[in-house]
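Me: I've got a new structure open and I'd like to learn how to read it. Can you walk me through it?

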Amino acid sequence: MRTGRRLAAFFAAGALSLAALSGAANAAPDSALLVISKVTNVKCLVTVKGHAHVGATERDNLAIRLFGEDLFGDDELVREGPFSTALNGDYSAVFTVACKDLDEDPVEPDEIFAVAQVFDPSTGVTKKIRSNTVTGIF
Ligand SMILES: [Ca+2]
Ligand SMILES: [Ca+2]
């Protein structure tokens, strides 16, 4: 009987630590990495990838918006999607835009950042994840 209890306690502890581990894996922080490269002089390839910490996922749960960074108000330049995250919240969105659409500033350089908007059906909340800022002349 004692042994049985100890075993039960052992398995309970094991289950707890497993739960804690998987919780830690799902708790990866939100991230968004923006990369812009020129395919031609007029066509630019945009990649936004990262992770969204969500309780659940569904198809078409991701939209990408690109903004020009400015001292007074950031202009929205591009809106793309919908895309879908993986079940674990990882995502990678790739699309092309006209490079001139990224020309946000007459005073060079242009400063572009992305916002990944991910809908979490478990909470009904759309979270917004801001990326790094890419500096270039578009
Ligand atoms: Ca600017
Ligand atoms: Ca410019």
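Me: Let's start with pairing: how many bridges join strand S3 to S6?

Reply: Some ground rules before that. This is a predicted model, where local features need pLDDT of at least 70 and side-chain atom pairs count only at pLDDT 80 or more, while totals for chains, interfaces and linings use all residues. Residues are numbered from 1 along each chain as its sequence is written, and chains are lettered from A and ligands numbered from 1 in the order in which they are written. Helices (H or I, at least four residues) and strands (E, at least two) are DSSP runs, numbered from the N terminus. Two strands pair if DSSP finds at least two bridges between them. Here, S3 (residues 62–68) and S6 run antiparallel and are joined by 7 bridges. One example is Ala 63, whose bridge partner in S6 is Gln 117.

Me: And how many helices and strands does the chain have?

Reply: There is 1 helix, and there are 7 strands. Going along the sequence, you read α-β-β-β-β-β-β-β.

Me: Which strands sit in a sheet with S3 and S6, and in what order?

Reply: Follow the pairings from strand to strand. You get an open sheet of 4 strands, S4-S3-S6-S7, with antiparallel pairing. Strand S4 (75–83) and S7 are the edge strands, each pairing on one side only. On average, neighbouring strands here are turned by 20 degrees against each other, direction ignored; the axes behind that angle are lines fitted to C-alpha atoms (for helices over the stretch in contact), and angles run from 0 to 180 degrees between N-to-C directions.

Me: What joins S6 to S7?

Reply: S6 (residues 110–120) and S7 (residues 125–136) run antiparallel, with 10 bridges between them. Val 115, for instance, has Arg 130 in S7 as its bridge partner. The two strands form a hairpin with 4 residues between them, and Gly 124 in the turn has a positive phi of about 75 degrees.

Me: How many bridges are there between S3 and S4?

Reply: That antiparallel pair has 6 bridges, and Ile 64 stands opposite Glu 80 in S4. S3 and S4 form a hairpin too, with 6 residues between the strands, and Gly 73 has a positive phi near 80 degrees there.

Me: Which strands make up the sheet of 3 strands?

Reply: That open sheet has the order S1-S2-S5, again with antiparallel pairing. S1 and S5 are at the edges with a single partner strand each, so one side of each has no neighbour in the sheet. The twist averages 15 degrees from one strand to the next. S2 and S5 pair over 9 bridges, and Cys 44 stands opposite Val 97 in S5.

Me: How do I read burial, and is Cys 99 buried or exposed?

Reply: Count C-beta atoms, placed from the backbone: a residue is buried if 20 or more others lie within 10 Å of its own, exposed if 12 or fewer, and partly exposed in between. Cys 99 has 20 within that distance, so it is buried. Cys 99 lies in the loop between strand S5 (90–98) and S6. Contact is a related idea: two residues are in contact if their C-beta atoms, placed from the backbone, lie within 7 Å. Leaving aside neighbours within four places in sequence, Cys 99 is in contact with residues including Cys 44 and Phe 138. Cys 99 and Phe 138 are 39 residues apart in sequence but 5.6 Å apart in space, C-alpha to C-alpha.

Me: What about Asp 60, buried or exposed?

Reply: Asp 60 is exposed, because it has 11 other C-beta atoms within 10 Å. Asp 60 is in the loop between S2 and S3 and has a positive phi of about 55 degrees although it is not a glycine.

Me: Which residues touch the most other members of the largest nonpolar core?

Reply: In soluble globular proteins, nonpolar side chains tend to be buried together. A nonpolar core is a set of buried Ala, Val, Leu, Ile, Met, Phe, Trp, Tyr and Cys residues joined through C-beta atoms within 7 Å. The largest one here has 24 residues, and Val 48, Ala 114, Ala 116 and Val 118 touch the most other members. S6 gives the most to this core, with 5 residues.

Me: Where are the cis peptide bonds you'd point out?

Reply: Look at omega. The bond from Gly 81 to Pro 82 is cis, with omega near 5 degrees, and Pro 82 lies in strand S4. Another cis bond joins Glu 108 and Pro 109, with omega about 0 degrees; Pro 109 lies in the loop between S5 and S6.
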